[in-house]
Amino acid sequence: MDLATLIGMVSGFILIYVTIILGSPFMLFVNIPSIFCVFGGTLAALLINFPMSSVMSMVVVMKNAFFVKEARPEEIIIKMVEFATIARREGILALESHVANAGDEFLGRSVQLAIDGTAPELIKDILTTEIAFMEDRHNMGVSVVDAAAVFGPAFGMIGTLIGLVQMLANMSDPSQIGPAMAVAILTTLYGSVQANLVCLPIVGKLKVRTANELLLKEIVIEGILSIQSGDNPRVVEQKLKAFVAPSIRQKIVIGGPGGGS
């Protein structure tokens, strides 16, 4: 679980809740017509804008901001150097017994391609194609959440206009002004919370996740091509360290069998 996402989301809602109850009863900010307008309207607009399957997958996409466990680049680099050491000493076919324990599906497939004697150009072509389509899938998921961030405030504004019209139409009856004004104001509030506390932060987190995943896969591609070409483990290590920041390089301590350093 990503504690940063969870802490940020929960603390954001708690701050809003505390702000409300310090000045008024919480139920004053609960308005059913406003909820229908903002959240129902957002869902309707998403269904118009995207295929049904993409909208239905939005929950899974948003869940990735909370529950996906990311591999760290230093772990991948250490694993690749270990593989390079084994391949250097025992031959690349010796890696076959390590494929199942690679700990990463993409890494396992990459090693298997090298073991099978696939040409380096073809390995790179296969793996980069996989990366490109993975990025497209991720971008589609992010675009649905991003659209929800746009539609929420837009329906908040629609609700505000509806509330103002209702209020102006009932100026002769003061008892009707309050509910209409509540719709006008609360729809804007709901739309802003949906966009700025939920959707936009999740979009940002998902983009960071995608960038990190792309980096890891690029490290794997460079590493497997280097191993296949018979590079010394030290060379593999230096090549892969070039992908990460100096602070991460310091965490890379090679300690595998016959370690590369």
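This is a predicted model: local features need pLDDT of at least 70, side-chain atom pairs count only at pLDDT 80 or more; totals for chains, interfaces and linings use all residues.
Tutor: Residues are numbered from 1 along each chain as its sequence is written, and side-chain values use heavy atoms, with hydrogens and water left out.

Student: Why is Lys69 called exposed?

Tutor: Buried means under 20% relative accessible area, exposed means over 50%, and partly exposed lies in between, with a 1.4 Å probe and protein chains only. Lys69 has 73% relative accessibility, and therefore counts as exposed. Lys69 is placed in the loop between α4 (58-67) and α5 (73-90). The helices are DSSP runs of H or I with at least four residues, strands are runs of E with at least two, and both are numbered from the N terminus.

Student: How far apart are Lys69 and Asp2 in sequence and in space?

Tutor: In sequence, Lys69 and Asp2 are 67 residues apart, and in space their C-alpha atoms are 7.4 Å apart.

Student: What makes Ser54 buried?

Tutor: Ser54 has 12% relative accessibility, so Ser54 counts as buried. This residue belongs to helix α3 (residues 52-56). Leaving aside neighbours within four places in sequence, Ser54 is in contact (heavy atoms within 4.5 Å) with Met140 and Val144.

Student: How many aromatic pairs does a search of the whole structure find?

Tutor: The search finds three aromatic pairs. Rings of Phe, Tyr and Trp (its six-membered ring) pair if their centres lie within 6.5 Å; planes under 30 degrees apart count as stacked, over 60 as edge-to-face and the rest as tilted.

Student: Why is the pair of Tyr17 and Phe26 called tilted?

Tutor: The ring centres of Tyr17 and Phe26 are 5.2 Å apart and the planes stand at 55°, so the pair is tilted. Tyr17 is partly exposed, since its relative accessible area is 41%, and Phe26 is partly exposed at 36%.

Student: What values describe the aromatic pair of Phe66 and Phe67?

Tutor: Phe66 and Phe67 are 6.3 Å apart, centre to centre, with 45° between the planes, and form a tilted pair. Phe66 counts as buried at 16% relative accessibility, whereas Phe67 is partly exposed at 48%.

Student: What makes a space in the model a pocket?

Tutor: On a 1 Å grid over the protein atoms alone, a cavity is a set of points where a 1.4 Å probe fits but cannot get out, and a pocket is an open set with protein on both sides within 12 Å along at least five of seven lines; lining residues have an atom within 4 Å of a point. Grid points are joined across faces, edges and corners, and a volume is the space filled by probe spheres set on the points. The largest pocket has a volume of about 690 Å³. Its lining has 27 residues, of which Val68, Met134, His138, Glu213 and Lys217 are the closest to the centre. Helix α8 (174-228) supplies the largest share of this lining, eight residues.

Student: How are the lining residues of the largest pocket divided by class?

Tutor: Ala, Val, Leu, Ile, Met, Phe, Trp, Tyr, Cys and Pro count as nonpolar, Asp, Glu, Lys and Arg as charged, and the others, Gly among them, as polar. The lining of the largest pocket has 11 nonpolar, six polar and 10 charged residues. The second largest pocket holds about 410 Å³ of space, and its lining has 18 nonpolar, two polar and no charged residues.

Student: How do you know that Glu105 and Arg109 form a salt bridge?

Tutor: A salt bridge is a side-chain nitrogen of Lys or Arg within 4 Å of a carboxyl oxygen of Asp or Glu. For Glu105 and Arg109 the N to O distance is 3.0 Å, and their side chains meet in a salt bridge. Both residues lie in helix α6, four residues apart, about one turn of the helix.

Student: With which other residue does Arg109 form a salt bridge?

Tutor: Arg109 forms a salt bridge with Glu130, with the closest N and O atoms 2.1 Å apart. Arg109 lies in helix α6 and Glu130 in helix α7, so the pair ties together parts that are 21 residues apart in sequence.
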